[in-house]
Amino acid sequence: MTQLDARPQVGDTVSGVAGDGDDDGDDGDDGVRGKGLGKGSVGLMGSAVIGISTVAPVYCLTSTLGSTAGEVGVQMPAVFLAGFLPMLLVAFAYRELNRAMPDCGTSFTWTVKAFGPRIGWMCGWGLVIATIIVLSNLAGVATSYFWLLAGEITGNPAIAALDDNKLVHISTCLTLIAVATAISYRGMTATKGVQYTLVGLQLAVLALFVAMALQKASTGSFGSGSFGSGSFETGLDFSWQWLNPFAIESMAAFTAGLSLSIFMYWGWDACLATNEETTGSTRTPGRASLIAMVVLVGSYLATGIAAQMAVGTSATGLGLGNPETSDNVFAALAGPVMGPLLGILLFVAVLASATASLQTTFIPVARTVLAMSTYEALPPSYAKVHPRFRTPGRATVMAGIATGAFYTVMTLVSENVLTDTIFALGLMICFYYSLTAFACAWYFRGDLRRSTRDLFFKGVFPVLGGLLLAAVFGKTLIDMWDPSYGSGSTVLGVGSVFVIGVGLLALGLVVMLVTERRSPAFFRGEVLTKSTPALVVQD
């Protein structure tokens, strides 16, 4: 089946707003750019659900609760709040930029309009690479939990052990990637139906876990569990001091915890990537992103506090700081907190979380590639939109292929390389989020004196968010130089996480230079500028 080309051609009708930041207060879609995507297929609730799903809250909690507690102890809830702050400030920047320019290219398009084609192209590269890394990680996690859940249900450890077989693991992983790609390929309607179920399941199981953990905390003991027979006196009484970030003992511990916390919020911007497919494109995505952020921080605080009250943060037994269980806290707490039967629900929820996020994470990368191709920053073939499903079909398929190839190669080369690639993810996240925040303040610099609201929401808040993330970027870059960061692997005496993180950004520069030779018009600033009208290829 042929696919529609989103690139404007000679004779195409051009309509839309000039992107000057004016907001007429209309919630409608008049003048909003389209690239052939399925307009009006997502509402406020659907957009918020996509944002929550992309973050994968249950998976983030099980993989970072222990690590964060190990770094900052009982101040874990304070770190969750501290990580929420820069993300909230950056979310304000996304909301304001989306009101003026509801473009599915989001960070790429906005930074091009603010800072020019080269910085904008690198911002888009950072988003794409970060997403590919996350997709491969999510596929691996979903695969591991698939076999772990199968072993729990059957009571057969041999089935769970199949995950240790590389051939079985990679084959299962590629199958999950193919299924997620196919669902994303079929459009936002198919995506929404799956996501409502999986996100609802995650939040319901989290609520049940919180309730049962608080009930256990009231008794202060557990029966026999993963750590032998007898009871464990591990509970703590709640203290408001847990929410005080200034009580953390060292700046190094705070920075390490903050980096983990920021990772836990990554992905909410998927709400904005669907702006051209959302009802009320100028306003709904921004509102959805804020709803998603509130749901996430509420879920994290409730779960963290309940778990801390129930088992504490010690480095032994069921304590959250136990290094033996820190990479998968829920696997250790499922039975003791929820019992053998209901405990299986936690395994189901983690699998659902990783699977749901695997599917929705294709949304931002495919639409960013679509926008980059539409504006001649990438080859024209990626600007094709499926005529029936109204999705960036080729971009989605290529993202799936890239994810599968990346995970397979990294797994076969070395588990350490795969681990260090995931550690390098934080660098990419801070890179493109901070650039987008600064782009907001610079793009709207002429509006900052119009009102107090404009000054804070278009200027002060985005700059603060950008500075905070830039600081984390710099600190992470320094820490990555140390070989002990990540897996402990080195390249010529330099930490492999540093080599991978900086290497991926340097690779972006090389790809950009090659692309510039093939698409000079974009890099000369002839295709996309601040005054470029939103282009619509009329049907």
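In which helix does H169 lie?

Guide: H169 lies in helix α7, which covers residues 166-185. The model shown is a predicted one. A few totals for the protein chain give the setting. The chain has 19 helices and four strands. Of its 539 residues, 56% count as buried. Its accessible surface comes to about 20300 Å², and 64% of that belongs to carbon and sulfur atoms. Among the contacts with a separation of 6 or more, 80% are between residues 24 or more positions apart.

H169 itself has a relative accessible area of 8%, so it counts as buried, the cut-off being under 20%. Leaving aside residues up to four places away in sequence, H169 touches G140, T143, S144, L162, D163 and Y407. Of these, G140, T143 and S144 are in α5 and belong to the contact between α5 and α7.

That brings in the packing of the two helices. Two packed helices are described by the angle between their axes and the distance between the axes. Helix α5, residues 117-154, packs against α7 at an angle of about 115°, with the axes 9 Å apart. The crossing of α5 and α7 is right-handed. On the α5 side the contact is made by A139, G140, A142, T143, S144, F146 and W147. On the α7 side, V168, H169, T172, C173, L176 and I177 meet them. Sorted by type, the residues of this contact are eight nonpolar, five polar and no charged.

The axes of α3 (residues 76-100) and α17 (residues 452-481) come within 8 Å and cross at roughly 135°. That angle makes α3 oblique to α17. Their crossing is left-handed. From α3, the contact includes L85, P86, L89 and V90, and from α17 it includes R453, F457, K458 and F461. The residues of the α3 and α17 contact divide into 12 nonpolar, one polar and five charged.

A332 is in helix α12, residues 329-360. With 10% relative accessibility, A332 counts as buried. From C-alpha to C-alpha, A332 and L320 are 9.5 Å apart in space, and the two are 12 residues apart in sequence.

To return to the part you asked about: H169 is a buried residue of helix α7, and it is among the α7 residues that meet α5.

Key:
Residues are numbered from 1 along each chain as its sequence is written. This is a predicted model: local features need pLDDT of at least 70, side-chain atom pairs count only at pLDDT 80 or more; totals for chains, interfaces and linings use all residues. Side-chain values use heavy atoms; hydrogens and water are left out. Axes are lines fitted to C-alpha atoms, for helices over the stretch in contact, and angles run from 0 to 180 degrees between N-to-C directions. Helices (H or I, at least four residues) and strands (E, at least two) are DSSP runs, numbered from the N terminus. Angles under 35 degrees count as roughly parallel, over 145 as roughly antiparallel, 65 to 115 as roughly perpendicular and the rest as oblique. A crossing is left-handed if the near helix is turned anticlockwise from the far one by less than a right angle, and right-handed if clockwise. Contact means heavy atoms within 4.5 Å. Ala, Val, Leu, Ile, Met, Phe, Trp, Tyr, Cys and Pro count as nonpolar, Asp, Glu, Lys and Arg as charged, and the others, Gly among them, as polar. Buried means under 20% relative accessible area, exposed over 50%, partly exposed in between (1.4 Å probe, protein chains only). Accessible areas come from the Shrake-Rupley method with a 1.4 Å probe; for residues, only the protein chains shown count as cover.
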